Amino acid sequence: MLSELSIHNFAIIEQLEVSFDEGLTVLTGETGAGKSIIIDAVQLLVGGRGSQEFIRHGANKAELEGMFIIEEENHPVFEKLNDFGIDFEDGNIILRRDINSNGKTSCRVNGKLVTIASLREIGSQLIDIHGQHDNQELMHERRHIHLLDQFAGQPLFEAHKNYHDIYERYVKLKRRLETANENEQQVAQRIDLYSFQLKEIDAAGLQIGEEEELEEEKLKLQHFNRLFERLNTAFESIGGDNHALDWVGSAMSDLEDAASIDKELTSHAEIISSCFYSLQDVSHELKSIIDSMEFDPMRLSFVEDRLALLLSLKRKYGTTIEDILIYREKISDELDQLLNRDARIVQEQEKLDQLKKDLEIEANELSIIRKHAATELEKAIMQQLKELYMEKSDFKVSVTRKPANVFDSNGVDDVVFLISTNLGEPLKQLVKIASGGELSRIMLALKTIFSKHQGITSIIFDEVDTGVSGRVAQAIADKISMVAVNSQVLCISHLPQVAAMADHHLLIKKEVTDNRTTTAVAEISEIERTKELSRMLSGAEITSLTLQHAEELLSMAETRKATFH
């Protein structure tokens, strides 16, 4: 439900903090007090269209923020938050929208910046706003099938899961076959290309680590003379006549003799001895390396040519030899599929045909459940319309097969809500009903049924009771109260019958401070509530009779509400 709403510099509202509770909250006040402005703010908060015209005169931006508390663990809004990578905890969701004077809008959900489209998707799972002329969920035909499925309940969900599992496999296989059936020229070109590439890569005989070894060898070959000279010089310095080995050998003999006299010199003698034999080993190894060295210009040419080949292959197939070999395996598999495509296509077409048969069976099962649910829904809606004094209306749920039996994620059914509001008139699509008073009652009838199934946490009715009175007004009040049993309902109303059914009554007043008009909202006490209902009844002067009538309305409302819970 919507728990807190903060509005800053929006239209004539300078600063407003409003708390909401569960059940039915009615907002009343004089015409022009700002009731619809609050609903406009909520509508923008959940992704509605906005502009800088909403910014209060003299301010740089309008700021809207709302906190929603969702207690249902499996509420669909959490899946949406996961899809957008938005963190949430304890079921708290905070929406924020700022509208700047330059026309730019920033939107945040739980502190994370999102697009208006993302905000709208999330907001649609939280609030359903309905006014006389609004296009909301029930007025979108594409949503009718989902509403019927929700009404059908668990049997439909289980059947749909079975269908959807097969449908996903069917779509993937069909897409793969469509790709495989591309024109023969493209297939032949790909076969030639992959064959050439495989031949070129295989002819190279690539070895992982080869490039690094070749680079090292190339460096040695390019600097052969310098390397030969440095090795010879080093050898002569160590092992030549009267050089390092001779001097170290002499030092070793002297220290060994000294250590025979002074035992404390033993460690020094051992170090010198170790150095002598290490230098002797290095000297022998250097002599061996020098004797084996022979410059081979042909080898240098081979190494350079080999490295050039590797560079050419890397430019075509990958940044490393490992990448090239991975690419080779990939095109080898694809070439195998292309060369054997005819046999594979036949096999996969057989699988697709079988999947289509299975899909048809599951789709028919969905249709059977939907048609049965449609009959039950028709009865339920007709009962609601009767209670709203539209007993001469006729409501039907049309469940038909798609043209050419085209499968989609919901099966092969098209679902459309049809209604006739006058006896003898033909059924028409619900979305084409234009009469404001009739549309309001039809919406309330549908809301009474679907509020139990839609999962929407908050529903807002913006003056849907305009133009009705008497027994119809009381019937509308009853239906709004019934909807509030399953969802939080916020309702702007001019009907005292509706206001009397409220669980919470907010009075909206326009105030003037420092020559500026502002809107104030406050929950009113029982005494103030009686006066407000009296004002709504009389339209002008509050009398003892209207106060008595207001008290009677409140007493009757409490009795009626008790029957709804």
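How many bridges join strand 10 to strand 11 (residues 428-429)? Strand 10 and strand 11 are joined by 2 bridges and run antiparallel.

## Basis of the model

This is a predicted model, in which local features need pLDDT of at least 70 and side-chain atom pairs count only at pLDDT 80 or more, while totals for chains, interfaces and linings use all residues. Residues are numbered from 1 along each chain as its sequence is written, and side-chain values use heavy atoms, with hydrogens and water left out.

Helices (H or I, at least four residues) and strands (E, at least two) are DSSP runs, numbered from the N terminus. Two strands pair if DSSP finds at least two bridges between them.

Strand 9 (residues 394-401) runs antiparallel to strand 10 and is joined to it by 8 bridges.

Individual residues can be located in these pairings. V397 lies opposite F417 of strand 10, and I419 lies opposite K428 of strand 11.

An open sheet contains 6 strands in the order 2-1-4-5-6-7, with antiparallel pairing. Its edges are strand 2 (13-19) and strand 7 (112-114), each of which pairs on one side only. From one strand to the next, the twist averages 15 degrees. Within the sheet, strand 4 (residues 61-69) and strand 5 (residues 92-100) run antiparallel and share 9 bridges; M67 has I94 in strand 5 as its bridge partner.

Helix 1 (residues 35-45) lies across strand 1 (2-10), strand 2, strand 4 and strand 5, and runs at about 105 degrees to strand 1. Axes are lines fitted to C-alpha atoms, for helices over the stretch in contact, and angles run from 0 to 180 degrees between N-to-C directions.

## Helix pairs

The axes of helix 9 (residues 244-259) and helix 10 (residues 266-292) come within 9 Å and cross at roughly 155 degrees. The two helices are therefore roughly antiparallel, a term for angles over 145 degrees. Helix 9 passes helix 10 in a left-handed crossing, meaning that the near helix is turned anticlockwise from the far one by less than a right angle. The residues of this contact divide into 11 nonpolar, 6 polar and 1 charged. Here Ala, Val, Leu, Ile, Met, Phe, Trp, Tyr, Cys and Pro count as nonpolar, Asp, Glu, Lys and Arg as charged, and the others, Gly among them, as polar.

Helix 7 (residues 210-222) and helix 11 (residues 297-317) also cross left-handed. Their axes come within 10 Å, at roughly 145 degrees. This contact comprises 6 nonpolar, 1 polar and 9 charged residues. Among them are E210, E211 and K218 of helix 7 and R299, E304 and K314 of helix 11.

## Two buried residues

L27 is found in strand 3 (residues 24-28) and is buried, with a relative accessible area of 2%. Leaving aside neighbours within four places in sequence, L27 is in contact (heavy atoms within 4.5 Å) with K35, I38, L490, C491, I492, S493, L506 and I508. L27 and D478 are 451 residues apart in sequence and 17 Å apart in space, C-alpha to C-alpha.

Q497 belongs to helix 16 (residues 496-500) and counts as buried at 16% relative accessibility. Not counting residues up to four places away in sequence, Q497 touches G470, A473, Q474, A477 and L553.

Terms used: Parallel < 35°, antiparallel > 145°, perpendicular 65-115°, else oblique. Buried < 20%, exposed > 50% of the residue type's maximum accessible area, 1.4 Å probe, protein only.
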